[in-house]
Amino acid sequence: MKQYVIIGGGVASVGCIEGIRSVDKEGRIVVLSGEGRPVYCRPLISYFLQGKTDPEKMKYRPDEFYAENNCEVVYEKAAAIDPARKTVTLESGESIPYDSLCVATGSSPFVPAFEGLDTVENKYGFMTMDDALALDGAVGPDSDVLIVGAGLIGLKCAEGLCGRAKSITVCDIAPRVLSSILDGDCAALMQKSLEDHGVRFELSDSAERFNINTAYMKSGKVLRFDILVLAVGVRPNDSLVGEAGGVCDRGIRVDTHMRTSLEDVYAAGDCARGYDASTGEDRVLAILPNAVMQGRCAGINMAGGDEVFDKAIPMNAIGFFGLHALTAGSYAGELHEVPAGEGVKRLYVNGGLLSGFILIGDAAGAGVYTAMIREKTPVDSVDFGLLRTSPSMAAFSAQYRRKTLGEVV
Amino acid sequence: MKRVFVNEEWCLGCHLCEYYCAFANSGLADMARALKDRDIFPRIRVEDTGKVTYALSCRHCTDPLCVKSCISGALTKVPTGAVCIDKDKCVGCYTCILVCPYGAVTAGEHGAVQKCELCLENACGSPACVRGCPNRAIVYEER
């Protein structure tokens, strides 16, 4: 009987378990989880702060999931991988042998070496349930909150805390919010949706040093706070594989089978650097759908299947107070700006393919565009004039519709 | 499993399926109270370009991207093969709208998204759109 070990207890780990079990119902699966709780929906921690969900509803899988899939969960962190002896050593010193290993260790907040940060007592990250619970307990109607980082994590944290604190200020060295996924005027729209709810922004500015409950900014501004949230960025947790001699490059290098450079060692999720179908280059795509699909691919291959996952693309759905921004792909090539009322609709065409899009406001049918990027559907094979304004099956051939509407897909 | 299939050559573009769907999922016994003078939120939608008209609802894919992409665990493929949504778990993030290749998941009335659940979750018991289609352009069968 084969022994599978999965390092990590997040959604990539779940994908891996389900992938293994789709092939091998018998083998032993050991899951090492450093977080001390069964898998939950991490991206929902901001909704938890808002009171829109609770720990019970945040369960990613039912309580019986691990038992039903015959998994043994060990709530302990892995300390080392020995690829020669094919063992994983736990922090306790215990050694667990594997026939096939999946590293799904996720990512960790990146905290720059701010001067005086050690003097700040009330500082928090915003990645995990523990972070959210700590913040939930600390914030009060008299709290002034300073969030460092205007990316996806920092802004969802700001939304989650809206109405629960006296003030919320977000600062970022970048000149706009969500700089990794939005351009200038799109970013401004999303920023406004938060400003309308009282969130203040200090952009193009960063903290030079901290002292207890004060941030001294590069601009000379002085920001007082009761609670500091650090949401500067994340780094892939690739050190276990790196220290074992596996190839890492700010992320564990994986091929389209999710194999690392170490024999019988796979990786999936935010720790892995894999193929981005929208650019053809390798990168870390730290988004939940990618983690689940990579995990599943890894699991199938670990169990002896032959699965390829080469359709990962960057994509994000993020919203604040009902204003949604949906983005996918890369913003390379010719821009098609389509009127979208008070929102935005931008399609990018590159080399005869839809390479990316930004939709703000009306999200309807966005997946039709996403599928074109993922499947590399030539723009000239569809009625692009129609598709620009209305993402629908009507822009595709009658044959395609017969297949999708009349057959099992 | 039985699914809803659409034959666009027979679709009249009458939109009756939308009304039957919205009524079946309203939870109300009176059609006028459910539909008259109200914004309706059907899970099946007639797309009509003037040249082409057809009804579109969830394909209940064998390997659904929406389920794999759902950040809240609200979308699941139940043992019968149907793709279902737990509206209590859904936070309305729209990731499923971002990934559904057919545009079959849509924004719902109360924040959560909505999609066809084959009327297995409501009092109807089998797809109301199929029963109401006057030209049998929409069918519910095994293929």
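A compact globule of 143 residues would have a radius of gyration near 15 Å, and chain B comes out at 15 Å, so the two agree. Bear in mind that this is a predicted model. Along the principal axes, the C-alpha trace of chain B spans about 40 × 35 × 30 Å. As for burial, 50% of the 143 residues of chain B count as buried.

Next, what chain B is built from. Chain B has five helices and eight strands. In sequence order they run β-α-α-β-β-α-β-β-α-β-β-α-β. If you take the contacts in chain B between residues at least 6 apart in sequence, 58% of them join residues at least 24 apart.

Now the domains. Chain B is split into domain 1, residues 1-57 + 120-143, and domain 2, residues 60-115. Their C-alpha centres are 19 Å apart. Where the two domains of chain B meet, eight residues of domain 1 contact 12 residues of domain 2. On the domain 1 side of chain B, those residues are four nonpolar, one polar and three charged.

Last, the contact between the chains. Chain A puts in 40 residues and chain B puts in 34. On the chain A side, the elements giving two or more residues are helix H8 (288-302), strand S22 (315-320), strand S23 (323-329), helix H9 (366-375) and helix H11 (398-406). Which of them gives the most? That is H9(A), with five residues. By type, the chain A side has 25 nonpolar, nine polar and six charged residues.

That is what I have; questions are welcome.

Key. Residues are numbered from 1 along each chain as its sequence is written. Chains are lettered from A and ligands numbered from 1 in the order in which they are written. This is a predicted model: local features need pLDDT of at least 70, side-chain atom pairs count only at pLDDT 80 or more; totals for chains, interfaces and linings use all residues. Domain bounds come from an automatic or database domain assignment. Two residues are in contact if their C-beta atoms, placed from the backbone, lie within 7 Å. Ala, Val, Leu, Ile, Met, Phe, Trp, Tyr, Cys and Pro count as nonpolar, Asp, Glu, Lys and Arg as charged, and the others, Gly among them, as polar. Helices (H or I, at least four residues) and strands (E, at least two) are DSSP runs, numbered from the N terminus. The radius of gyration is taken over C-alpha atoms; the globule rule is 2.2 Å times the number of residues to the power 0.38. A residue is buried if 20 or more other C-beta atoms lie within 10 Å of its own, exposed if 12 or fewer, and partly exposed in between; C-beta atoms are placed from the backbone.
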